[in-house]
Amino acid sequence: MAFTLYSLLQAALLIVNAIAVLHEERFLRHVGWGSDQGIGGFGEEPGIKAQITNLIRSVRTVMRGKVMILCLNIVICKVLFQ
């Protein structure tokens with residue numbers, strides 16, 4: 001298997017899909033990455049943990065429907081052309 005732009009995009013899609021399916025109560029809260037874990041004070045810069053938690057929550061909110069459509073397209077292309 002060659003390393004192509006298609007395989008790079010497919011790997012990125014798999015990573016976004018993995019982030020999109022993380023469940024906060026089942027997984028993230030058990031490892032200490034829940035939404036209530038990273039509460040800082042007023043005027044303080046959020047730490048790296050809070051920024052990553054916000055990124056995960058944003059990806060789950062914005063990309064969930066789009067990732068399903070893209071994964072479906074990838075599966076159809078794999079079935080038809082390979």
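Figure 1. Over the protein the mean pLDDT is 80, and 87% of residues reach 70 or more. Where pLDDT is low, the predicted coordinates should not be read in detail. This is a predicted model, in which local features need pLDDT of at least 70 and side-chain atom pairs count only at pLDDT 80 or more, while totals for chains, interfaces and linings use all residues. Residues are numbered from 1 along each chain as its sequence is written, and side-chain values use heavy atoms, with hydrogens and water left out.

**Figure 2. Overall arrangement of the protein.** The elements run α-α-α from the N terminus on, with three helices and zero strands. Helices (H or I, at least four residues) and strands (E, at least two) are DSSP runs, numbered from the N terminus. Of the 82 residues, 18% count as buried; buried means under 20% relative accessible area, exposed over 50%, and partly exposed in between (1.4 Å probe, protein chains only). The accessible surface comes to about 6,500 Å², of which 69% belongs to carbon and sulfur atoms. Accessible areas come from the Shrake-Rupley method with a 1.4 Å probe, and for residues only the protein chains shown count as cover.

Figure 3. Leaving aside neighbours within four places in sequence, Val16 is in contact (heavy atoms within 4.5 Å) with Val59, Met63 and Val67. Val16 and Met63 are 47 residues apart in sequence, and their C-alpha atoms are 8.0 Å apart in space. Val16 has a relative accessible area of 24% and is therefore partly exposed. Among contacts in the protein between residues at least 6 apart in sequence, 64% join residues at least 24 apart.

**Figure 4. Thr53 in helix α3**. A polar atom of the Thr53 side chain lies 2.7 Å from the backbone oxygen of Lys49. Thr53 counts as buried because its relative accessible area is 11%.

**Figure 5. A nonpolar surface patch that includes Val75.** Leu72, Val75, Ile76, Val79, Leu80 and Phe81 make a nonpolar surface patch of about 650 Å². Patches are made of residues with over 30% relative accessible area and no salt bridge; like charges are joined within 9 Å, and nonpolar side chains (Val, Leu, Ile, Met, Phe, Trp, Tyr) within 5 Å. A salt bridge is a side-chain nitrogen of Lys or Arg within 4 Å of a carboxyl oxygen of Asp or Glu. Val75 lies in helix α3 (residues 48-81) and is partly exposed, with a relative accessible area of 48%.

Conventions
pLDDT is the predictor's confidence in each residue, from 0 to 100. A polar contact is a pair of N or O atoms within 3.5 Å; within protein, one must be able to donate a hydrogen and the other to accept it, and residues adjacent in sequence count only if both atoms are side-chain atoms.
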